[in-house]
Amino acid sequence: GQKKSFIGSHADRLKIFQAVAKISARHNDDGSRASTRWPLFLPAIYHALVTTSLTADPVPRTARDAAPERFICNHYIQSINEELSSPNSNQHKECQNRKSNIYVSDEKVPLSLRDAGLFAVTFCRLPKKDQLKSLSQLVSTVSSNLSKIQQDKTMRRHLADDKDYAGFLARVITVTSTLIDMVSAGKPLLDSLCEHVGPKHYYLPSIIEADSESDIESDWYKSETCFMGLWEEWESAALPAVVCTFSDPLSNEDITKYTSALEVAFELGFDSAPRDKCLLLFSAWNASGKLCGIEQKSWDGPSVPIGLSASSATPKRLLQIRDDICNIYHKLCSRDKAISETFLSQSLLSQQLKKKEQKYRSFSSLSGIAHLTSAMASTVDFFEATLESPFCISESCPSSYEFAIVESTTAYISFLISMFTTSSTDLLSAIVPRDKNQEGKKRKDSCISADSYDDDVSEASFESESGDNNYEDDDDDDAKADAIARFHDICEDLGAAPLHPDWLDNSCQIRPGM
């Protein structure tokens with residue numbers, strides 16, 4: 001039979017979780033306990049109890065058995081909604097009336113990495129029907145609150161000024177994005193996360209000594225508050241590649257709602273960037289980038305921008321540039337190079353199969369060339385219009401996202417130029433061979449190492465280790481290495497250092513069909 005929970009039946013587990021919520025929840029204004037509100041910051045001792053139960057107990061098979069998980073998830077979403085709706089009453093004001101200079105790294109941080117992992121594990125233990133219902137509710141909560149912040153000048157100003165509130169919103173978006181992927185992938189990702197957050201790798205906060213508020217502020221970059229993912233590589237939004245069957249986690253209506261919400265969050269991220277160290281900006285950027293794995297609509301071609309003087313010049317243009325780059329590259333290069341096996345690539349492949357795009361792959365290169373030439377023409381027109389716009393000729397200070405749009409456009413043009421040609425070799429790999437015999441050795445009379453551009457390996461050490469090597473066989477490669485080294489130095493002096501200048505590659509040619 002099925003293994004039983006070590007703390008009893010589903011009714012016993014529910015009572016224990018309700019007691020944890022009642023003990024841990026903060027006091028209301030009237031001094032009463034909020035027994036139905038799951039705390040966004042769970043004390044370590046209770047967190048250990050709940051996490052151990054969730055990661056060790058068998059996954060509930062029925063809605064009745066999942067009552068404890070449903071209790072946590074429903075009230076977690078309620079707590080998130082309350083926190084986002086009332087920014088002035090948030091719980092994460094650190095170091096208020098501190099009497100000691102010792103504090104822990106996750107002190108009063110709502111939805112820290114530890115609590116986010118617990119929420120995700122609990123969420124994905126629900127039956128599939130409950131997961132879809134709760135995920136739709138969470139997306140609606142995020143969407144409605146972002147819309148409220150965007151329209152309310154006071155709340156928007158508070159978001160820009162309060163790094164803690166902006167950071168909490170960033171973590172909510174990161175968790176929501178992760179839950180969408182986990183619901184789509186099913187049990188394999190749940191099992192993977194349970195191994196990470198469970199008893200084998202239980203998270204412990206750091207003890208920090210700080211003499212002043214400035215000391216605490218200088219220690220801002222930490223996993224508890226700045227995570228972009230819930231696994232060990234918390235700085236990355238990438239999920240581990242697993243063998244799974246993907247399902248649709250959101251309805252088309254919810255996908256549209258969430259896409260619009262992330263565009264708003266991305267725009268608000270520019271307002272809060274000076275205070276929250278770009279956390280909200282990066283979180284919204286990562287989350288929107290992963291939406292391509294669940295979107296039902298197909299890419300119709302590159303967007304056609306107009307000058308920055310127009311009202312349409314919003315941060316959304318940056319998201320459009322990224323989507324255009326990814327889709328143009330996919331159209332032209334998907335068959336040229338092997339795609340790395342990642343969770344997102346698996347999700348994209350699943351979407352392609354659902355849309356039956358494999359039938360049209362023979363035409364992808366031709367359509368890609370049409371998109372490429374169209375994008376180049378419209379982007380150059382946009383850049384010319386930008387240079388003539390009031391943004392460039394007036395003395396008024398442009399916004400940060402306008403600067404970002406101009407910078408991204410130059411990178412976009414460089415990408416488009418590079419796609420007009422193809423090459424059968426990688427320039428640096430061809431110049432600097434990486435076989436075992438040459439690993440770690442430095443080219444004669446060159447600043448380039450065979451395995452890096454570091455200057456740490458001395459020529460003397462190389463000669464002592466390989467004194468019998470025949471340099472005559474390497475003369476041609478040495479000459480190429482010297483040439484690219486000098487070219488690299490010149491580009492640095494001029495302020496531009498191309499990574500792969502196709503016009504230096506003998507195998508470079510105009511892309512077929514161009």
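User: Are Lys 290 and Asp 181 buried or exposed?

Analyst: Start with the term. Buried means under 20% relative accessible area, exposed means over 50%, and partly exposed lies in between, with a 1.4 Å probe and protein chains only. Here Lys 290 and Asp 181 are both buried. Keep in mind that this is a predicted model, where local features need pLDDT of at least 70, side-chain atom pairs count only at pLDDT 80 or more, and totals for chains, interfaces and linings use all residues. Residues are numbered from 1 along each chain as its sequence is written, and side-chain values use heavy atoms, leaving out hydrogens and water.

User: What do the side chains of Lys 290 and Asp 181 form where they meet?

Analyst: The general idea comes first. Side chains of opposite charge can pair when their charged atoms come close. A salt bridge is a side-chain nitrogen of Lys or Arg within 4 Å of a carboxyl oxygen of Asp or Glu. Lys 290 and Asp 181 form one, at 3.1 Å from N to O. Lys 290 lies in the loop between H12 and helix H13 (316-333), and Asp 181 in helix H7 (residues 163-185), so the pair ties together parts 109 residues apart in sequence. Helices are DSSP runs of H or I with at least four residues, strands are runs of E with at least two, and both are numbered from the N terminus.

User: How many salt bridges does the count come to?

Analyst: The count is 12 salt bridges. One of them joins Lys 257 to Asp 254, with the closest N and O atoms 3.7 Å apart. These two are three residues apart in helix H11, so about one helical turn separates them. Lys 257 is partly exposed at 26% relative accessibility. Asp 254 is buried, at 6%.

User: Which residue meets Lys 316 in a salt bridge?

Analyst: Glu 263 does, at 3.9 Å from N to O. This pair links distant parts of the chain: Lys 316 is in helix H13 and Glu 263 in helix H11, 53 residues apart. Lys 316 is partly exposed at 38% relative accessible area, and Glu 263 is partly exposed at 27%. Salt bridges can also share partners: Arg 13, Asp 57, Glu 69 and Arg 125 are joined this way into one network.

User: Now the rings. How many aromatic pairs does the structure hold?

Analyst: It holds nine aromatic pairs. Rings of Phe, Tyr and Trp (its six-membered ring) pair if their centres lie within 6.5 Å; planes under 30 degrees apart are stacked, over 60 edge-to-face, and the rest tilted. Tyr 76 and Phe 119 are stacked, 4.3 Å centre to centre with 25° between the planes. Tyr 76 sits in helix H3 (residues 67-85) and Phe 119 in helix H4 (residues 113-124), so the pair ties together parts 43 residues apart in sequence. Both are buried. By contrast, Phe 266 and Phe 270 are edge-to-face, at 5.4 Å and 85°. They too are both buried.

User: Which residues form one aromatic cluster?

Analyst: Trp 38, Phe 71, Tyr 76, Phe 119 and Phe 123 do.

User: Where does the charged end of Arg 317 sit?

Analyst: A charge sits over a ring if NZ of Lys or CZ of Arg is within 6 Å of the ring centre and within 35 degrees of the ring normal. Arg 317 has its charged end over the ring of Phe 382, 5.8 Å from the centre. Arg 322 lies over the face of Trp 285, at 4.1 Å from the ring centre.
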